[in-house]
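Please open the structure in your viewer and follow the stops below in order. Each one names a selection and describes what is found there.

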Amino acid sequence: MRRPATRLARLARLYTHLLAHRPPADWSVPVADGRYGPAEPAAEDRPLTLLMLGDSLAQSFGAHRPEQTLGARLAQGLAEGTGRPVDLRVLARVGATTAAVGRQVSRAARLRPGIAVLIVGGNDVLLPSPLGRAARRFAHLAQNLRDAGWQLVVVPCPDPGHAPGFRVHARWIGHHRSRRLARRHTRTADRVGAHLAATSGPEFRDQAAHLLGPDGVHPSPHGYATHAARMLPTLLAAAHLPEPAAHV
């Protein structure tokens with residue numbers, strides 16, 4: 001397994017060529033794992049597991065405090081909307097590609113299935129690697145999660161073209177490649193019975209000073225609040241469906 005320091009060093013070198021200015025010096029993200037909702041739930045209110053899988057967006061790089069992260073905002077919204085406690089586990093990591101998410105899914109095998117949010121692809125489209133391979137890996141991961149009993153919420157590949165912090169050529173390439181990969185993600189979600197949730201849009205470009213952090217790429221705390229508000233209805237719908245039986 002690649003050491004985190006090495007992975008982040010490679011990420012920093014990649015972003016040096018893609019960003020319009022110096023990449024962040026600190027890639028750390030506040031830890032938001034834990035229980036959200038009532039401290040002493042009723043006996044019949046079994047906690048709901050919320051699993052965050054993917055890259056920097058799923059881990060919430062750019063948030064300053066745990067409660068500002070996407071996972072924490074979604075967990076709190078789920079707890080309030082369902083009346084159940086929510087156990088949040090964030091396995092997503094900054095810089096993750098689709099291939100790296102396979103290790104995250106393996107780590108999730110010991111958790112009781114609930115709702116899994118999968119956001120990945122932004123790094124795949126910026127790397128000189130075949131999109132077909134990333135799409136096939138994504139389909140394999142999605143099917144494995146469904147077979148394991150998770151209600152899966154898929155966020156199709158975000159569009160780097162909405163991030164003004166990237167150089168013009170990176171935005172152009174990222175925009176076209178992300179649209180292709182997002183279509184493959186959407187088809188996979190339909191095929192495996194996953195839920196689709198949208199996150200980013202052109203408002204992140206038009207309101208960059210408010211919704212994006214200093215690098216002009218990753219969301220600010222306000223940006224994560226916007227993402228969570230857009231995604232929460234999909235998660236609430238998934239929470240009210242019967243849990244799928246895991247395949248043995």
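Begin by selecting P66, which, apart from its neighbours within four places in sequence, is in contact (heavy atoms within 4.5 Å) with P30, V31, A32 and A72. This is a predicted model, in which local features need pLDDT of at least 70, side-chain atom pairs count only at pLDDT 80 or more, and totals for chains, interfaces and linings use all residues. Residues are numbered from 1 along each chain as its sequence is written, and side-chain values use heavy atoms, with hydrogens and water left out.

P66 lies in the loop between α2 and α3. Its C-alpha atom is separated by 8.4 Å from that of V29, 37 residues apart along the chain.

After α3 comes G83, with a positive phi near 75 degrees.

Finally, select helix α6 (residues 131-147) together with helix α7 (residues 168-192), whose axes, lines fitted to C-alpha atoms over the stretch in contact, come within 10 Å and cross at roughly 25 degrees, on a scale from 0 to 180 degrees between N-to-C directions. The two helices are therefore roughly parallel, a term for angles under 35 degrees. Among the residues of α6 that meet α7 are L131, F138 and R146.

How values were computed
Helices (H or I, at least four residues) and strands (E, at least two) are DSSP runs, numbered from the N terminus. Angles under 35 degrees count as roughly parallel, over 145 as roughly antiparallel, 65 to 115 as roughly perpendicular and the rest as oblique.
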